[in-house]
Amino acid sequence: MKSFDVVALGELLIDFTEYGVSGQGNTVFEANPGGAPCNVLAMLSKLGHRTAFVGKVGEDFLGRQLKAAIEEADILSDYLLMDPKIPTTLAFVHTGPDGDRDFSFYRNPGADMMLDQTEIPTGLIKDTKIFHFGTLSMTQERNREATKKAIEIAGQNGALLSFDPNLRLPLWESEELAKEQILYGLGHCDVLKISDDELMWLTGREDYDEGISKIREKYQIPLILVSMGKEGSRAYYKDSMIEAMPFLQKETVETTGAGDTFCACILHTLCEKGLNGLSDRELYEMLVFANAAASIITTRKGALRMMPQEEEVYALLKTSGFETIKQKGI
């Protein structure tokens with residue numbers, strides 16, 4: 001038995017999201033705790049799982065705020081390190097009329113980049129069922145080596161490896177390096193969550209089935225999830241392709257955290273059921289639950305502190321006609 005359900009490694013930062021205009025006509029920003037790995041963990045904690053985070057923030061006011069935020073979300077913060085010299089990473093998020101986002105990062109360097117392989121908590125990573133990672137912790141050599149060491153430890157100790165590329169091209173020296181590290185992730189995961197845009201960028205295929213087939217030609221990934229925004233989501237598992245429609249919200253504010261919420265709900269199912277022997281019905285119910293949860297987060301500003309309660313997700317399912325998906329588990 002492992003002590004932790006999910007451990008994640010990567011970036012923890014401040015998302016400065018637009019919050020109207022001041023009386024002087026200036027854009028007002030709200031400082032929201034963010035970073036994809038901790039967003040995933042925050043939703044998993046809401047679903048009753050024991051989680052822990054590995055990463056680094058600055059030993060500054062914002063870093064201390066972030067530490068308090070993940071503790072508030074019931075994410076173990078013992079392995080969140082604080083750098084005395086490098087400041088906490090910042091991201092400014094511009095939201096378009098349709099809810100899509102454009103990011104400007106202040107990270108040259110940022111504290112999350114400074115995690116060293118000597119700082120990887122081997123005992124913690126050996127003690128988790130699932131290890132989750134992305135590519136923002138692989139943009140520079142120092143944190144790239146730390147990430148790869150953690151992946152190696154997790155894999156050697158029987159953890160399922162979960163990978164979400166979470167591509168942010170402005171943070172990379174080149175597209176070639178970004179693609180190289182994403183391909184590394186594909187070669188070291190059991191579960192891949194990838195967005196439609198990332199799939200097309202990586203494979204050059206507009207047809208999702210063709211894109212997944214191209215990935216599968218080289219990488220034997222047991223479960224691949226494609227998040228397709230307003231088109232819903234798909235699961236590719238063995239010989240099955242299962243699709244679920246989205247829950248479109250009239251009150252959508254922004255899409256920050258939607259993919260992370262979706263990913264967390266997938267890992268929730270895997271924590272409960274494992275990766276082997278999933279039926280088409282179980283895969284469908286997994287996608288429906290994840291789509292519903294992701295739609296709720298689009299109605300709120302921010303992500304980490306705003307994850308929906310499990311009861312909210314089931315309430316949306318019920319009002320949407322999914323009474324057969326019971327609250328005792330999906």
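The sulfur of Cys 189 sits 11 Å from the closest cysteine sulfur, which belongs to Cys 263, and that is too far for a bond. A disulfide here is a pair of cysteine sulfur atoms within 2.5 Å, and a search of the whole structure turns up zero of them. Cys 265 is likewise in no disulfide, as the nearest cysteine sulfur, again that of Cys 263, is 9.3 Å away. Cys 189 counts as buried at 7% relative accessibility, and Cys 265 is buried too, with a relative accessible area of 0%. Buried means under 20% relative accessible area, exposed means over 50%, and partly exposed lies in between, using a 1.4 Å probe and protein chains only.

A word on the model itself. This is a predicted model, in which local features need pLDDT of at least 70 and side-chain atom pairs count only at pLDDT 80 or more, while totals for chains, interfaces and linings use all residues. Residues are numbered from 1 along each chain as its sequence is written, and side-chain values use heavy atoms, with hydrogens and water left out.

Next come the helices. Helices (H or I, at least four residues) and strands (E, at least two) are DSSP runs numbered from the N terminus. Two packed helices are described by the angle between their axes and the distance between the axes. The axes are lines fitted to C-alpha atoms, for helices over the stretch in contact, and the angles run from 0 to 180 degrees between N-to-C directions.

Helix H1 (residues 36–46) packs on helix H8 (residues 258–273) at about 50 degrees, the axes being 8 Å apart. H1 and H8 are therefore oblique to each other; angles under 35 degrees count as roughly parallel, over 145 as roughly antiparallel, 65 to 115 as roughly perpendicular and the rest as oblique. The crossing of H1 and H8 is right-handed, a label given when the near helix is turned clockwise from the far one by less than a right angle, with anticlockwise making it left-handed. On the H1 side, the contact (heavy atoms within 4.5 Å) is made by Ala 36, Asn 39, Val 40, Met 43 and Leu 44, and on the H8 side by Asp 260, Thr 261, Cys 263, Ala 264, Cys 265, Leu 267 and His 268. Sorted by type, the residues of this H1–H8 contact are eight nonpolar, three polar and one charged. For that sorting, Ala, Val, Leu, Ile, Met, Phe, Trp, Tyr, Cys and Pro count as nonpolar, Asp, Glu, Lys and Arg as charged, and the others, Gly among them, as polar. H1 is mostly covered, with ten of its eleven residues buried; among them are Pro 37, Cys 38 and Leu 41. After H1 comes Gly 48, whose phi is positive, near 95 degrees.

H8 also packs on helix H9 (residues 280–297), at about 145 degrees and with the axes 8 Å apart. This crossing of H8 and H9 is right-handed. Residues of H8 in the contact include Phe 262, Cys 265 and Ile 266, and those of H9 include Met 286, Phe 289 and Ile 297. The H8–H9 contact comprises eleven nonpolar, four polar and two charged residues.

Helix H6 (residues 196–203) and helix H7 (residues 208–218) cross at roughly 60 degrees, with axes that come within 10 Å. H6 and H7 are therefore oblique to each other, and H6 passes H7 in a left-handed crossing. Here Asp 196, Leu 199, Leu 202 and Thr 203 of H6 meet Tyr 208, Gly 211, Ile 212, Lys 214 and Ile 215 of H7. These residues divide into five nonpolar, two polar and two charged.

Lys 126 belongs to helix H3 (residues 122–126) and is partly exposed, at 42% relative accessible area. Apart from neighbours within four places in sequence, Lys 126 is in contact with Lys 2, Ile 153 and Asn 157.

Most residues other than glycine have a negative phi, and most peptide bonds are trans. The peptide bond from Asn 108 to Pro 109 is cis, with omega near 0 degrees, and Pro 109 is in the loop between strand E8 (101–106) and H3. Asn 166, not a glycine, has a positive phi of about 45 degrees. Asn 166 is found in the loop between strand E10 (160–163) and helix H5 (175–186) and is buried, with a relative accessible area of 13%. Lys 238, also not a glycine, has a positive phi of about 55 degrees. Lys 238 lies between strand E13 (233–237) and strand E14 (240–244), in the loop, and counts as exposed at 55% relative accessibility.
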